[in-house]
Structures are given as structure tokens and as C-alpha cells.
Amino acid sequence: MTATIPEQLCNFYNNQFVPLDASADAEKKRYLDVTTPHTGEVISRVPLSSAAEVDAAVSAAAEAFPAWSSRTYKDRAQYIIRFHQALIAHEDELAELVVTEHGKTKDEAIGSVRKGVETVEYAIGLPQIAAGRAAEVSRGVQCQERRDAVGVAVSIVPFNFPIMVPMWTLPIALGCGNTVVLKPSEKVPLTLNRVASIAAEIFPPGVVNLVHGDKDAAQLLIEHPKVRAVTFVGTTAVARHVSSQCRALGKRCLALGGAKNHLVAVPDCNIEMTAQDVVNSFSGCAGQRCMAASVLLLVGEQPELLDLICMKAAALEPGRGSRQVGPVIDAASRDRIVGYINEAEQSGAQILVDGRGWADRPGSWVGPTVILHKSREDRALHDEIFGPVLSIYVCQSAGEAIEIENANPYGNAACIYTSSGAVAEWFTKRFSAGMMGVNIGVPVPREPFSFGGINASSFGDMDITGDGGVEFFTLRKKVTTKWTVPTEKSWLH
Ligand code: NAD
């Protein structure tokens with residue numbers, strides 16, 4: 001199925017696409033261009049929704065909530081099953097949209113659709129997972145706990161995974177009985193827009209809604225009095241802000257932030273596997289993954305591994321095919337990434353593989369870059385660069401590697417490459433990260449395990465998928481019951 005791209009996008013609520021109010025002042029100013037990073041060409045326009053438009057979508061969700069939440073888990077699962085099938089049927093079309101608006105290669109885009117579909121598959125099992133529990137707590141007294149929906153849930157998502165990240169929350173929120181308003185990233189609104197129209201053929205009106213816009217629309221959603229739960233995924237500064245705002249407003253909030261993931265290689269690692277994984281991890285999705293390995297800490301000099309990493313990274317070509325690397329999201333990103341490479345070079349770091357040459361291509365490109373740092377103080381070693389850049393530092397000991405990893409404020413992922421179980425355990429006990437890998441460069445937990453970091457990578461008390469998602473999207477309600485056995489009913493004895 002080929003993907004059609006609308007010239008101009010609309011908001012979506014009550015299962016209808018609704019254009020912006022044309023009579024509003026300066027109508028033209030209320031749209032942003034959507035570009036393809038492959039060439040920089042404008043491919044569509046995304047609306048910047050006003051307070052009235054945000055309110056219309058939230059109100060649709062609020063009106064649909066009583067009926068949707070009063071259905072049984074089994075009943076809602078029937079809708080999720082159909083949604084799962086529909087996403088699979090549209091896999092190629094959705095992946096094409098991801099390639100076009102985001103710049104992922106086709107394989108990466110298909111992978112991201114499939115990973116999104118996995119969470120939908122998990123949500124099909126919610127009747128069993130969220131069954132609640134009951135126990136006799138004293139003679140004749142029973143405690144029952146059930147999981148009821150929270151209300152209208154808002155999902156504000158980043159640009160780097162146009163379908164996978166929204167699917168972390170949408171199916172679990174829906175399966176648990178919440179109604180949802182999605183706020184796509186204004187940089188990549190097309191894929192989620194298409195998902196909304198697929199959902200319209202399945203869910204009752206008002207259950208799945210979508211509001212386009214930038215930070216202003218996101219703010220209006222967070223502040224809307226009918227919104228009870230907010231999930232946010234994006235940069236740390238905004239995640240922290242969204243989380244404290246929700247706390248002040250008394251709303252549930254789960255806000256995932258940025259990352260700077262460390263990968264440690266010790267001398268007994270498998271050189272070929274480590275080199276391949278490191279290159280896949282830092283250059284895959286052009287380094288725009290919150291799980292990308294952006295720092296490699298070598299325990300002791302490891303020239304053979306270093307050479308192999310450089311050889312594999314230098315062999316990658318720009319493009320959208322397999323074993324190629326796509327563009328970064330926009331020119332501002334490209335310039336920021338190139339700025340980090342320039343700064344590292346000026347501070348005395350060695351640029352072993354230099355991707356700056358790709359920056360001359362039309363669109364927004366930076367090639368895989370490998371930097372060997374001399375100083376632990378280089379900014380590129382500490383900041384989230386969010387591009388295909390690997391910073392390497394040679395540590396004197398395993399202890400120094402842990403010291404560097406622990407000192408970083410983020411805490412999404414950390415990985416150890418070794419052929420010793422004991423060494424692996426030594427590291428995983430000391431890393432300060434929510435998701436750890438042993439000989440795995442992108443250690444994303446799969447359902448039923450939850451996705452989520454710690455420290456400055458996550459604000460809120462739960463993880464986002466798996467058990468964490470069910471916990472977040474439900475209120476645990478307890479019923480304590482006592483029945484006195486009626487003594488006059490002789491037939492009971
Ligand atoms: P971003 O923070 O710029 O934007 C994310 C979303 O928030 C967008 O929808 C945007 O419109 C909205 N937004 C922006 N400013 C806002 C504000 N002040 N108030 C409310 N909403 C606002 O992030 P991005 O550049 O789109 O995404 C990249 C970032 O996301 C990286 O830091 C990456 O590590 C992070 N990320 C983290 C995870 C994770 O699981 N921890 C997963 C994916 C991406």
C-alpha cells in the first residue's frame with residue numbers, strides 16, 4: 001500500500017478529521033511546514049492548534065470515557081485485536097511514512113512499526129494481566145482490588161520514533177479503559193495522523209483523538225482540567241518541567257527524558273561482535289535513539305577493537321537501504337552535531353572517522369563519526385548529542401569506567417561487553433541505568449518487562465510499557481466486604 005501525504009493535516013476527534021477554524025486570525029500563521037530530511041523539501045503542513053481546538057478534542061475524549069471505561073476488559077480487548085491486525089496490514093505504508101518524514105532507513109522504519117505492534121499485542125492480554133486480586137483477610141471479610149481506568153490520558157511524543165513511542169502508551173491506555181488524546185511531534189506528524197485514521201475504523205468515536213501542534217498545544221493539553229493523566233517522552237529539560245507541572249496540578253504523569261548511554265568493553269570481549277554492535281548502536285537511526293550507545297569506554301587500550309569499529313563505521317553510506325545511514329531530523333540538528341565534533345577536535349580529541357563531509361548534501365545529513373577523547377572533560381563525552389557520533393575514552397580500570405558512567409546525570413541504558421559472567425555481574429551491579437545490556441548494544445526490554453530509565457532520563461514513579469504501563473493507566477480500587485451469616489436461615493446449616 002503506498003502512503004498518501006495530505007497537503008495539510010487536520011486534528012482528529014470523534015472519529016473525524018477536523019480542519020482548523022478558517023475564520024481565525026492569521027490562519028496561515030497557524031501552520032508549520034513538515035519537511036523530509038532526505039532533501040529538506042516541504043511535504044505537508046501541520047496545524048498549531050488553539051485552546052478551542054485542544055478543548056474540542058479533550059471534550060470528545062471526556063464524553064467517550066464513561067461508556068468506554070464501563071466496558072469489560074475482555075470487550076475492549078476485542079477492539080485491540082482488530083487494531084493489531086489493522087496495523088500489521090498497514091505495516092508497509094506506515095513504514096514508508098516513517099522513512100519519508102523522519103529519515104530512518106526502510107529496515108529501521110519497519111522495525112519501529114513492528115516494535116510498536118508488540119505493545120498492542122501485549123494489550124490484547126490485559127483481561128488476564130489486569131484481572132486484579134482478592135483475598136479473605138480475616139474471617140468472613142474479603143478484600144478485593146480492581147483496576148479502573150484513570151480518565152482522559154494525553155500522550156505527548158518526540159520526533160525520533162513517530163509510531164513506536166506513541167504505541168508504548170496508546171494500546172495499554174485504551175485496553176485499561178482510558179480515552180486518549182495524542183500530540184504528535186510537529187516534526188513528524190504524518191505517521192501518527194495515519195494511525196488515527198486507522199483507529200477510526202475500529203474504535204468508537206472519542207476513544208482515540210489527536211491534536212497537532214508544538215509546545216503550546218502540549219501545554220494546553222497538560223493544563224486542561226478534564227485531562228487526568230499525562231505521558232511525555234522527549235528532552236530532559238521539558239520532561240522535568242512537565243512532570244513538576246503535573247504534580248502541581250494533581251495529575252498522574254510519566255515523563256521520560258534524554259539519555260547518554262555508556263557501553264564498556266573489557267579486554268576479554270568478543271571483538272567482532274562488540275565492534276558490530278557498537279557501530280549498529282551508535283549509527284542506527286542516525287544516532288537518534290534514546291537507547292543509542294554514544295560513549296564507548298575501553299578498559300585498557302584495545303587497538304584491534306578500535307580499528308574494527310572505525311573500519312565498519314567508515315564503510316557506511318548515506319541512504320535509505322539496508323546497511324546505510326539516514327539523515328538527521330533537520331538542519332538545526334545537523335549543525336548542533338557538527339558543532340560538537342568541531343569542539344572536540346579543537347580540544348585535542350582525535351576524529352578517527354569523520355562524518356562532517358555528509359553535511360554538504362541537500363537535506364540534513366551527518367555521517368557516522370568516531371571521536372577518541374584525550375580529556376574526560378570534553379562536552380561531547382557528557383551531553384546528549386543525538387546524532388551518529390561515538391565518543392571513545394580509554395579508562396585505566398573497570399573502576400574508572402564505572403566512575404564515568406555513574407557521574408553522568410542521565411540513566412537510560414548501559415552495556416557491558418565481556419565473555420565472563422562474573423565480570424558482567426560486577427558491572428550490572430554498579431551501573432546507574434534503568435536498562436542494562438550484557439553483550440547487547442541496544443538493551444530494550446520487551447513485554448511484559450517495562451521500558452524506562454532512571455535519574456535524569458525519567459521523571460515519575462513508573463516505567464512506561466509492560467507492567468509499569470498497566471500500573472500507570474489504572475487506579476487500584478479496593479473493596480472490603482463482610483457478610484454476616486444469617487443465623488435464622490436454617491437451610492444454610
Ligand atoms: P522535545 O522535548 O523537543 O519534544 C518532545 C515533545 O514535546 C514534542 O511533541 C514537542 O512538541 C513537545 N514539547 C516541546 N517543548 C515543550 C514544552 N516546553 N512543553 C510541553 N511540550 C513540549 O524532544 P524531541 O527533540 O522531539 O525528542 C528527542 C528527545 O527525546 C531526546 O532527548 C531523546 O533522548 C528523548 N527520548 C527519550 C526516550 C526515553 O525513553 N527516555 C525515548 C525517545 C526519545
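**Strands, helices, domains and ligand**

A: Strand β12 (residues 261-265) and strand β19 (residues 413-417) run parallel and are joined by 4 bridges. Strands pair if DSSP finds at least two bridges between them. Strands (E, at least two residues) and helices (H or I, at least four) are DSSP runs, numbered from the N terminus.

Q: What kind of model is it, and how are residues numbered?
A: This is a predicted model: local features need pLDDT of at least 70, side-chain atom pairs count only at pLDDT 80 or more, and totals for chains, interfaces and linings use all residues. Residues are numbered from 1 along each chain as its sequence is written.

Q: Which residue in β19 is the bridge partner of L263?
A: That is C415.

Q: What is the strand order in the open sheet of 7 strands?
A: The order is β16-β17-β18-β13-β12-β19-β20, and the pairing is mixed.

Q: Why is one side of β16 and of β20 left without a neighbour in the sheet?
A: β16 (350-353) and β20 (435-438) stand at the edges with a single partner strand each, so one side of each has no neighbour in the sheet.

Q: What does the twist average?
A: From one strand to the next, the twist averages 20°. Angles run from 0 to 180 degrees between N-to-C directions, and axes are lines fitted to C-alpha atoms, for helices over the stretch in contact.

Q: Which strands does helix α10 lie across?
A: Helix α10 (residues 271-283) lies across β12, β13 (293-299), β18 (389-395) and β19. The angle to β13 is about 150°. Contact means that the C-beta atoms of two residues, placed from the backbone, lie within 7 Å.

Q: And α11 – which strands does it lie across?
A: Helix α11 (residues 303-314) lies across β12, β16 and β17 (369-372), at about 60° to β16.

Q: New topic. What domains is the protein divided into?
A: Domain 1 (11-233 + 462-478) and domain 2 (261-409 + 413-438). The bounds come from an automatic or database domain assignment.

Q: How many residues of each are in contact?
A: 16 residues of domain 1 are in contact with 17 of domain 2. On the domain 1 side, α4 gives the most, with 3 residues.

Q: Last one: which residues come nearest the ligand?
A: Of the 28 residues around the ligand, P158, A218, G234, G258 and C290 come nearest. A residue is near if its C-beta atom, placed from the backbone, lies within 6 Å. The largest share of that shell, 3 residues, comes from α8.
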